[in-house]
Amino acid sequence: MADLVQTRRDGNVAVISIDNPPVNALSQAVRADLLDALVAAKADAACAAVVILCAGRTFIAGADISEFGKPPRSPTTIDVIAAIEALGRPVVAAMHGTALGGGLELALGCHARVAAPTTRLGQPEIKLGLIPGAGGSQRLPRLVGVELALTMIVGGDPIGAEEAHASGLIDAIIDGDLAAGAIDFARRLAAAPAPPVLARERDDKLAAARADRAPFEELASRLTRRSRGLEAPAAAVEAVRWSLDLPVAEALARERATFLRLVAGEQARAQRHLFFAEREAAKSPAIAGVTPRAVRQAAVIGAGTMGGGIAMCFANAGIVVSVIDVSLDALTRGLDLVAANYRASVARGTLAPADMEQRLALIRGATALPAIADADIVIEAAFEDMEVKRGIFADIDRHAPAHALLATNTSYLDVDAIARATQRPKSVLGMHFFSPAQVMRLVEIVRGAQTAPEALATAVALARRIGKAPAIVGVCHGFVGNRMHRLRSVEAERLMLEGALPQDIDAAMTEFGFPMGPIAASDLAGLDIGWRMRKAQGLRAEIADLLCEAGRFGQKTGMGFYRYAAGARDAKPDPQVERLIIDASARLGVARRAIGAEEIVERVLFPMINEGARILEEKIAQRPGDIDVIWVHGYAFPAWRGGPMHYADTLGRGHVRARLAPDRTIHRLGTGFC
Ligand code: 3HC
């Protein structure tokens, strides 16, 4: 096995290099070797300074996540940092790629930090249900001030090298040869009359926040506003607050204790599960070792909300995209909506005006299919109707280049039947985006019976490139997500007929952790689509259909299961709907009773979980974790509960099975409202 850590000498500078592919995670073996290298450097009288850098694509991207949940093994990252701080000579971290989590914490323990211009630096522990566990919550505020530190630790997103430099996180940006620049930097530090002050010993950047706590507290409440149910954000705020209130040694000890408590908890376990599940969901034996095709240009057929959102995904990733709609009016409306979405981001301050212009310039409109002649991928996002889609695919087949990947964004329909409308079913698959496509991370990659491995690999690689979480699934009605979602809707209807009101169901599910209840979510999505689909299939959902028959299509008509004031989004319970539900129960002869939150949660989730198990049996999904990824990234299932299948495991599958009592079923309802 190659050495994980190597030391070479460049004059009087010891250069310690870590080589632990793929992301130089700080595994126990790396920590041990790194500590040995630091001890050796300390013992070397001729060594005036040390540089720590990494081989490969990145600086240390954090602790080795696969070690979490197991007993901690010495030496810890804290031990390594202590050795750096006690070395008696300047130690410089030279960073490139992503310096994250424990990797950034190690750099914070060094006497100075330099980075390549494209480096991203962050404390993403929050995304794993954690807070920094090796001093990040104390050293980072001392270098960059408490507000940026809080934003980085509670938000979890990295910052770029320029911002890191401007804020004092790094001391220099090195253009060109990073190692040579870092060695030079270290040598200059060694020659300076006084050594640099360690981060833990600095206090200057905390003075203002100590004198006036209000900005910190306001920022803390803003950053944690959407973290109901989560333990880590509040713990992170508390830890950063300790930097203002406690001696550094005590604050570091408390940070460690909190980290150890969180890492052993259910929430962190669930989020770790998702971290690995997300990466697994993009894998399949069918595409192992298959090289994806290059994608330089894309085309989207259909300029509706979905088509426009998909086009934004491409433009956001710097890919040229044509949006094609046969109706000039629809095209203009669609492109206007895209521009309005970008303008809203600029107004919110999340997008620079220049970036908006750049992205808009990548999106081209057209009203005829010859516009796809140069596309490497064509995604159809037209009306959800098999004949419409088959017609479009036959046309696409005539105009798209031979190598192009042809994808349908259908939410339910048979991808194989769509593929058969072309002469090249091997190039056809589903890429099912979720609304709003430019925001939601999930893309179900639907593998048809004839889809070629190369086409599948291309779709997966492309989805990752545009920042999505792809999950490979097989063909069935509604694929994985919507097939399970239907069960949720069926059960919600039953609950309403048996005694629960929309607001009871939504309250129980938001208390469980969903940001929005299922009933309010269907009002937002619009009730009419499901109504039309049911009518076409001769199915009925009693309450939802009655609402649609009364012209109540959800938020867009100001009325659905709830009532909405003009232009407002908050759902107000509506006595008319309550009457309608109670009358429906009476008409169907269902005795109403009080239904508690626990029963609501079980009845909404357990049939879905059961369907998930069927989906696995049928091999429509490859792994339970794939289903979890789909529900977390496509339907806002609370990440800290790990997704429906992980949640079932935490309860015990036997428990779920026992609670799926057959006598609770009201079969005559047929189907749900979506
Ligand atoms: N530990 C273990 N494995 C890791 C890892 C980590 N920290 N980070 C990435 N990996 C693995 C992935 O599972 C994946 O494995 P696979 O190829 O077998 O599927 C492989 O490395 C490559 O990862 P990605 O596919 O994610 O590669 P990308 O290039 O897309 O992204 C990255 C690279 C930005 C570094 C991304 O992997 C990432 O964000 N990693 C996690 C970073 C993180 O959360 N660090 C903090 C850890 S907690 C911590 O440090 C605690 C400390 O405070 C004590």
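**Cysteines, then the sheet**

There are 0 disulfides in the structure. Take Cys 110 as a case: Cys 110 belongs to no disulfide, and the nearest cysteine sulfur, on Cys 54, lies 11 Å away. A disulfide here needs two cysteine sulfur atoms within 2.5 Å. Bear in mind that this is a predicted model.

Is Cys 110 buried or exposed? Cys 110 has a relative accessible area of 1%, so Cys 110 is buried. Cys 548 is buried as well, at 2% relative accessibility. The cut-off for buried is under 20%.

Now the sheet. It is open and has 8 strands, and the order runs β12-β11-β10-β13-β14-β15-β16-β17, with mixed pairing. Which strands stand at the edges? They are β12, residues 363-366, and β17, residues 469-473. Each of these has a single partner strand, so one side of each has no neighbour in the sheet. From one strand to the next, the twist averages 25°.

Two helices to finish. Helix α13, residues 305-316, packs on the sheet and touches β10, β11, β12, β13 and β15. The direction of α13 makes about 170° with that of β10. Helix α15, residues 353-362, lies across β11 and β12, and runs at about 35° to β12.

That is what I have; questions are welcome.

Definitions and conventions. Residues are numbered from 1 along each chain as its sequence is written. This is a predicted model: local features need pLDDT of at least 70, side-chain atom pairs count only at pLDDT 80 or more; totals for chains, interfaces and linings use all residues. Side-chain values use heavy atoms; hydrogens and water are left out. Buried means under 20% relative accessible area, exposed over 50%, partly exposed in between (1.4 Å probe, protein chains only). Two strands pair if DSSP finds at least two bridges between them. Helices (H or I, at least four residues) and strands (E, at least two) are DSSP runs, numbered from the N terminus. Axes are lines fitted to C-alpha atoms, for helices over the stretch in contact, and angles run from 0 to 180 degrees between N-to-C directions. Contact means heavy atoms within 4.5 Å.
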